[in-house]
Amino acid sequence: MRALQRVVLICGLALLITDVAAQQHPAVTQENAGTDLEQIHGYMKRTWHSHEHPLTLGPTQIAGDFAVADWWHQGKGGRAVFKRHNQHWQLILCGGAGILQSALWQQLGMTPAAAADFVRALQHAEQAVSATDKALLDAFGATVNMHAGDAPQQH
């Protein structure tokens, strides 16, 4: 009987943990992932891409209402941070290595665990990026607030 109680308890805890994790990290479904990526990448291309100066986009990670898109443009690179507001993605920050600090994500409202998970996911996604391109991402410099007109038009 005790073995059965342990199994029930463990299964119940696993379901509870899964439910809590789903609340902190809403799943990006196949249905909305395309729309999210289209909004994020579309904004970036409309803002910085041109025939003379093409914008190259790299890994894009989405966790709940936050996203990070890696980019390279005119010999430079960086990470663009977006926040979903009223079903639309808004660029809020651009930066380099500082975007990979979980403290930043906690300041933006993530729990410590969610922030650590998101940073790990970003780092994992960037494993496919060449060392040269990764160095460009990290070299962006200080994190820049891109709110309401603060955004420079060229990287």
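Glycine 77 has a relative accessibility of 3%, so it counts as buried (buried is under 20% relative accessible area, exposed is over 50%, and partly exposed is in between, with a 1.4 Å probe and protein chains only). Keep in mind that this is a predicted model: local features need pLDDT of at least 70, side-chain atom pairs count only at pLDDT 80 or more, and totals for chains, interfaces and linings use all residues. Residues are numbered from 1 along each chain as its sequence is written, and side-chain values use heavy atoms, with hydrogens and water left out.

**Around glycine 77**

- Glycine 77 sits in strand β3 (helices, H or I with at least four residues, and strands, E with at least two, are DSSP runs numbered from the N terminus).
- Skip its neighbours within four places in sequence, and glycine 77 is in contact with Trp71, Trp72, Leu136, Leu137 and Phe140 (contact means heavy atoms within 4.5 Å).
- Leucine 55 is 22 residues away from glycine 77 along the chain, and their C-alpha atoms are separated by 9.7 Å.

**Aromatic rings**

- The structure holds 5 aromatic pairs (rings of Phe, Tyr and Trp, the last by its six-membered ring, pair if their centres lie within 6.5 Å; planes under 30 degrees apart are stacked, over 60 edge-to-face, and the rest tilted).
- One of these is tyrosine 43 with tryptophan 48, an edge-to-face pair at 6.0 Å centre to centre with 85° between the planes.
- Tyrosine 43 is partly exposed at a relative accessible area of 27%, while tryptophan 48 is buried at 3%.
- Tyrosine 43 also pairs with phenylalanine 82: the ring centres are 6.0 Å apart and the planes stand at 85°, so this pair is edge-to-face.
- Since tyrosine 43 belongs to helix α2 (residues 30-48) and phenylalanine 82 to strand β3, that pair ties together parts that are 39 residues apart in sequence.
- Phenylalanine 82 is buried, with a relative accessible area of 0%.
- Put together, Tyr43, Trp48 and Phe82 form one aromatic cluster.

**Histidine 73 and tryptophan 48**

- Histidine 73 is in strand β2 and counts as buried at 1% relative accessibility.
- A polar atom of the histidine 73 side chain lies 2.8 Å from the backbone oxygen of tryptophan 48.

**Helix α4**

- Helix α4 (residues 112-125) has 14 residues, which at 1.5 Å a residue should span 20 Å, and its end C-alpha atoms agree at 20 Å apart (the expected span is 1.5 Å times one less than the number of residues).
- Its buried residues are Ala114, Ala115, Phe118, Val119, Leu122 and Ala125.
- Look down the axis of α4 and these buried residues fall within an arc of 135°, so they line one face of the helix (the arc is that of the directions from the helix axis to the C-beta atoms).
- An α-helix has 3.6 residues a turn, so residues three or four places apart point the same way.
- Pro112, Arg120 and His124 are exposed residues on the face of α4 turned away from its buried side.

- Glutamine 74 has phi near 50°, a positive value in a residue other than glycine.
- Glutamine 74 is placed in the loop between β2 (66-73) and β3 (76-85), and it is partly exposed at a relative accessible area of 42%.
- Asparagine 86 is not a glycine either, yet has a positive phi of about 50°.
- Asparagine 86 lies in the loop between β3 and β4 (88-95) and counts as exposed at 60% relative accessibility.

Conventions
A polar contact is a pair of N or O atoms within 3.5 Å; within protein, one must be able to donate a hydrogen and the other to accept it, and residues adjacent in sequence count only if both atoms are side-chain atoms.
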